[in-house]
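User: I'd like to go through how some labels in this model were assigned. Can you take me through them?

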Amino acid sequence: MKLTKNLFYKTYRSIIGSIAFYPTLIAVGFLLFSIIIMLIEYEPFMMDLKKDLSFVLVKSKEDARLVLGTLVGSIISLMVFSFSMVMIVLNRASSTLSPRVIPGLITDKSNQVVLGFYLGSIIYSLILIVNVQSDETVNTPDFGILLSMIFGITCLAFFMYFIHTISQSIQVDNILNSIFSRTKNEMERLTLEDSEVQQEQNTEQWYPLNTSKAGYFKKVKVNELVKLCEHHQIKIQMLQPVGYFFVENSPLLCIDKEIDDELKDEIENCIILYPQEWVSDHYVFGFKQISEIAVKALSPGINDPGTAIKSIHLLTLLYIKKIQMKEKYIIQDSENVNRLFFKQIVFEQLYDDHITQIRIYGKADTLVMLALLQGLLNIFKADKNKSHYHSIIHYFKALIETCHKNFESELDISLVNKVIEEFNQLKAAPSIAKLIA
């Protein structure tokens, strides 16, 4: 049963992440609507309504087929063009930004609604064509044809809207801003209220549970796992943070007491491993997507340092948010007992994982290195409690050393020295030697 639920969850995430999810739902809705219209088309109240609307209704069966056929052909052309534009956007995002941003673009609901309305209008019109019979004694579904024309006009309006949104979504700044906003919102969702206090848990004597499969740790079905813990009166500590890659038979988590194999399987089935990286699962994926866009922008094939600098600025804001947040990493049950303990993702780990590669690929670009230095300077200013004092100093010195090895121009060195001088003027900041030309 648990294996079935786990498979159902993975299938569910795959379906809602598909570009065809909302279009399919909307198309089915149009199909049902067309059936309803056919059932009530010749009811007395509809006949009275059609008398009032007679000036916009189609009278001839030949005209009805012509209108419906024209609508179907035209909307199919719009749909083909729109799908082609979506594929162009996805291909460009994959080649110039990062393949990891594609799931976020695919699940853009506005574009899916437009495509779904196209598909639904086609299905609706085809159902009407079937019901337009050549027998002159059979009435024409003229009210349904009127609705079909309205849907066709609406498709034109949606097409104009689609062109606008697709032209916006293809811009790298909008993609970066979207990832940044979703990452920030996810961080705020995981931030504790000031009144909440969470205590560390000593897990030295707990029993480990090894994973039976390999994969990236993406998500935990928290509610189900907490209920298991409450029912069996156990506590669980995750041993690695979200995004960690597990090999088979490696320690996945530890439990405060021994359990049987059946419960172990139930617990492991609450741990989700799947390839997509949704920012809604954890904010760490937002950091990863922004940093990979920066690295891709610094590649010789793309050569877009402006995008890399924009990414660094957004990452700086997220790092400042990270050092200021009190993260919720302990989940309680219905009786307020601590049951589930997550492995914290610390600032140093995030910085090592996502800034180091930018520093390596952008080490010869003056503006990129200056953006990294200025970003660390702003993070140092925001760290009011100096909880990451030594780490920030270490990273700052590493950036200075990289500049020293790669910069030869006096102008470049002078620009770096200005940032060093600004850093040295800060209170509690150690004195860092300037570069010598």
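Analyst: Helices (H or I, at least four residues) and strands (E, at least two) are DSSP runs, numbered from the N terminus. By that naming, K386 lies in the loop between α15 and α16 (389-406). This is a predicted model, where local features need pLDDT of at least 70, side-chain atom pairs count only at pLDDT 80 or more, and totals for chains, interfaces and linings use all residues. Residues are numbered from 1 along each chain as its sequence is written, and side-chain values use heavy atoms, with hydrogens and water left out.

User: Why is K386 called partly exposed?

Analyst: Buried means under 20% relative accessible area, exposed over 50%, and partly exposed in between (1.4 Å probe, protein chains only). K386 has 31% relative accessibility, so partly exposed is the label.

User: And what makes N249 exposed?

Analyst: N249 has a relative accessible area of 57%, so it counts as exposed. This residue is in the loop between β5 (245-246) and β6 (251-255).

User: What stands out about phi in N249?

Analyst: Phi of N249 is positive, about 65 degrees, although the residue is not a glycine. Most residues other than glycine have a negative phi. K386 is another non-glycine residue with a positive phi, near 55 degrees.

User: Which label does V28 get, buried, partly exposed or exposed?

Analyst: V28, in helix α2 (residues 21-40), has 43% relative accessibility, so V28 counts as partly exposed.
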